[in-house]
Structures are given as C-alpha cells and as structure tokens.
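Welcome! Please take a look at the structure below, and then we can walk through some of its features together.

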Amino acid sequence: MNYPAAIGPYNAYRVVGDLVFCSGQIPIDPATNEIPASLEAQAHQALKNVGGLLNEVGLSYKNVVKTTVFLSDINDFSAVNEIYATYFEKPYPARSAVAVKDLPKGVKLEVEVIAHKS
C-alpha cells in the first residue's frame with residue numbers, strides 16, 4: 001500500500017459513482033510509519049500519500065477536482081503552496097486551506113481530496 005493505513009474507524013477512500021472521496025492524508029511514511037520533521041518534508045509526504053491512494057483506484061493528481069489543506073499554522077501557507085503546485089497542474093483543483101488548532105499525531109498539515117473518474 002502506498003499510503004498509510006487508517007488510524008481510526010474510517011476508510012481511506014470511498015467511491016460513489018464517478019467520484020472518489022479521499023480521507024485526509026497526514027505525512028506518515030507508509031513504509032516506515034515515521035513522520036518527517038520539517039514542514040517541507042511533511043508536505044511532500046502527505047501529497048505522496050494522496051498520490052498513492054489515487055493510484056490504488058486507477059487515478060492520478062489530474063483527476064482531483066477539490067482539495068482541502070489543513071494547516072497547524074497558517075503562516076506555513078506560502079511554503080506549502082509552493083510544494084502543492086508541484087503536484088497539481090492547470091486547470092488546478094478547487095481548494096480550501098484552513099488553519100486548525102491541532103492535527104493527528106502532531107503533524108503540521110493534512111490534505112484531503114475529491115477526485116473524478118474521467
């Protein structure tokens with residue numbers, strides 16, 4: 001599996017018709033269960049986990065129509081935005097980015113997506 005297993009009573013994704021609803025991916029390396037220390041490494045790992053999940057259902061980043069990025073510090077928005085832009089291309093998905101008080105396992109961000117089978 002190229003994304004971490006769920007850490008609670010939920011599925012990593014659900015397919016409903018032509019839509020794939022993906023649970024938020026935090027930056028756990030699925031091979032080691034480790035969490036990188038830096039914000040940049042965490043952003044890359046969370047987005048790689050999204051890619052692994054999409055790959056499992058035969059999709060790619062190009063199929064993503066909506067993302068939500070949860071940040072533990074809104075001041076990280078610009079740095080995450082630069083990394084995010086390397087995973088998605090035009091036409092970019094719709095996106096929300098919000099700051100939250102805490103995230104599971106003390107990570108700095110979480111990314112969830114909705115993809116369309118097209």
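Val 69, Leu 71, Phe 77, Val 80, Asn 81, Tyr 84, Arg 95 and Ala 97 line the largest cavity. Please keep in mind that this is a predicted model. The volume of the largest cavity is about 40 Å³, and the count of cavities of 30 Å³ or more comes to one.

Which elements supply the lining? At least two residues each come from strand 3 (64-71), helix 2 (77-84) and strand 4 (94-99). Helix 2 gives the most to the lining of the largest cavity, with four residues. By residue type, this lining divides into six nonpolar residues, one polar and one charged.

## The overall fold

Let us step back to the whole chain. The protein chain contains two helices and five strands, and from the N terminus on these elements run β-β-α-β-α-β-β. With a radius of gyration of 13 Å, close to the 13 Å that the globule rule gives for 118 residues, the protein chain is as compact as a globular protein of that length.

If you trace the C-alpha atoms, they span about 35 × 30 × 20 Å along the principal axes of the protein chain. Of the 118 residues in the protein chain, 38% are buried.

## A cluster of aromatic rings

How many aromatic pairs does the structure hold? There are three aromatic pairs. One of them joins Tyr 61 and Phe 88 in an edge-to-face arrangement, with 5.5 Å centre to centre and 85 degrees between the planes. Tyr 61 sits in the loop between helix 1 (39-56) and strand 3, while Phe 88 sits in the loop between helix 2 and strand 4, so this pair ties together parts that are 27 residues apart in sequence.

Phe 88 also forms an aromatic pair with Tyr 84, this one tilted, at 4.6 Å centre to centre and 35 degrees between the planes. Is Phe 88 buried or exposed? Phe 88 has a relative accessible area of 3%, so it counts as buried. Tyr 84 is buried as well, with a relative accessible area of 6%. Ring pairs link Tyr 61, Tyr 84, Tyr 87 and Phe 88 into a cluster.

Tyr 84 has a further neighbour to look for: Arg 95 lies over the face of Tyr 84, at 4.5 Å from the ring centre.

## Two prolines in one loop

The loop between helix 2 and strand 4 is worth a visit too. Pro 91 is found in this loop, and the peptide bond from Lys 90 to Pro 91 is cis, with omega near -5 degrees.

Pro 93 lies in the loop between helix 2 and strand 4 as well. With a relative accessible area of 11%, Pro 93 is buried. The C-alpha atoms of Pro 93 and Tyr 61 are separated by 9.2 Å, although these residues are 32 residues apart along the chain.

## Positive phi angles

Finally, where can you find Asn 33? Asn 33 lies in the loop between strand 2 (19-25) and helix 1. Asn 33 is not a glycine, yet it has a positive phi of about 65 degrees. Its relative accessibility is 57%, so Asn 33 counts as exposed.

Lys 105, in the loop between strand 4 and strand 5 (109-116), has a positive phi of about 60 degrees although it is not a glycine. Lys 105 counts as exposed, at 56% relative accessibility.

Definitions and conventions
Residues numbered from 1 in each chain as written. Predicted model: local features only at pLDDT ≥ 70, side-chain atom pairs only at ≥ 80, totals over all residues. Heavy atoms only, no water. 1 Å grid on protein atoms, 1.4 Å probe; cavity = no way out; pocket = protein on both sides within 12 Å on 5 of 7 lines; lining within 4 Å. Points joined across faces, edges and corners; volume = space filled by probe spheres on them. Nonpolar A, V, L, I, M, F, W, Y, C, P; charged D, E, K, R; others polar. Phe/Tyr/Trp six-rings, centres within 6.5 Å; stacked < 30°, edge-to-face > 60°. Buried < 20%, exposed > 50% of the residue type's maximum accessible area, 1.4 Å probe, protein only. Lys NZ or Arg CZ within 6 Å of the ring centre and 35° of its normal. Rg over C-alpha atoms; globule rule 2.2 N^0.38 Å.
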